Amino acid sequence: MKNLFIILIATLLCVACATPYKAASTPTSNGYFDTMLQARVYDITFNANEETEIKRAQDFALLRAAEVCLENGYQSFSVVNSSNNSETETGVVTNTNTNNNNYSFSYSYLVSETKPRVSILIQCSLTKDLFFDATSISTNLRKKYKLK
């Protein structure tokens, strides 16, 4: 029972550390960033930290796409292109322990962290003729992640 409680607390802490849905201050900082490339065409990127699952980053990029469409008077959009340019950092951690008898031992292990970076290129439409309905996507993803 104690182990189950520890696992539950650890899971809650990891979810709490995930990148929140927010605007990025720069194109490479955590959060969403969007650019209008031409009329009805936008590039949307969501950068996340290593505590964020790739599915969450993908959903947040899709949510931002829906919001961009709605903010600009469009009703639907299609994803023209998408990419996952996640950044993975790998390193070795070494620890040395000494006990009361001055016996020392060292051990090393490999650590790998992935920071999701999802980019989608969308084309918007004034009607609901394209693949994604912007209002439905926004409503459903906001509900899924309990966003206002």
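Predicted model: local features only at pLDDT ≥ 70, side-chain atom pairs only at ≥ 80, totals over all residues.
## A first look at the sheet and its core

In strand E6, Gln-123 is the bridge partner of Ser-78. Strand E3 (residues 76-84) and strand E6 (residues 117-125) run antiparallel and are joined by 8 bridges.

Stepping back, the open sheet is formed by 5 strands in the order E1-E2-E6-E3-E7, with antiparallel pairing. Strands E1 and E7 stand at the edges and have a single partner strand each, so one side of each is left without a neighbour in the sheet.

Here are the elements with their residue ranges:

| Element | Residues |
|---|---|
| Strand E1 | 31-38 |
| Strand E2 | 41-47 |
| Strand E3 | 76-84 |
| Strand E6 | 117-125 |
| Strand E7 | 132-133 |
| Helix H2 | 54-71 |
| Helix H3 | 134-144 |

Helix H2 lies across E1, E2, E3, E6 and E7, and runs at about 25° to E6.

Next comes the nonpolar core. The largest one has 26 residues, and Phe-46, Phe-77 and Ile-122 have the most contacts inside it. E2, H2, E6 and H3 each supply at least two of its residues, while the largest share, 9 residues, comes from H2. Beyond residues up to four places away in sequence, Phe-77 touches several others, including Leu-62, Ala-65, Ile-122 and Phe-132.

The side chain of Ser-125 makes a polar contact with the side chain of Asp-129 at 2.6 Å. Leaving aside neighbours within four places in sequence, Ser-125 is also in contact with Arg-40, Tyr-74, Gln-75, Ser-76 and Leu-130.

Notes. Residues numbered from 1 in each chain as written. Heavy atoms only, no water. Pairing = 2+ DSSP bridges. Helix = DSSP H or I, 4+ residues; strand = E, 2+ residues; numbered from the N terminus. Contact = heavy atoms within 4.5 Å. Axes fitted to C-alpha atoms, helices over the stretch in contact; angles between N-to-C directions. Polar contact = N/O pair within 3.5 Å; in protein donor to acceptor, adjacent residues only side chain to side chain. Core = buried A, V, L, I, M, F, W, Y, C linked by side-chain atoms within 4.5 Å. Buried < 20%, exposed > 50% of the residue type's maximum accessible area, 1.4 Å probe, protein only.
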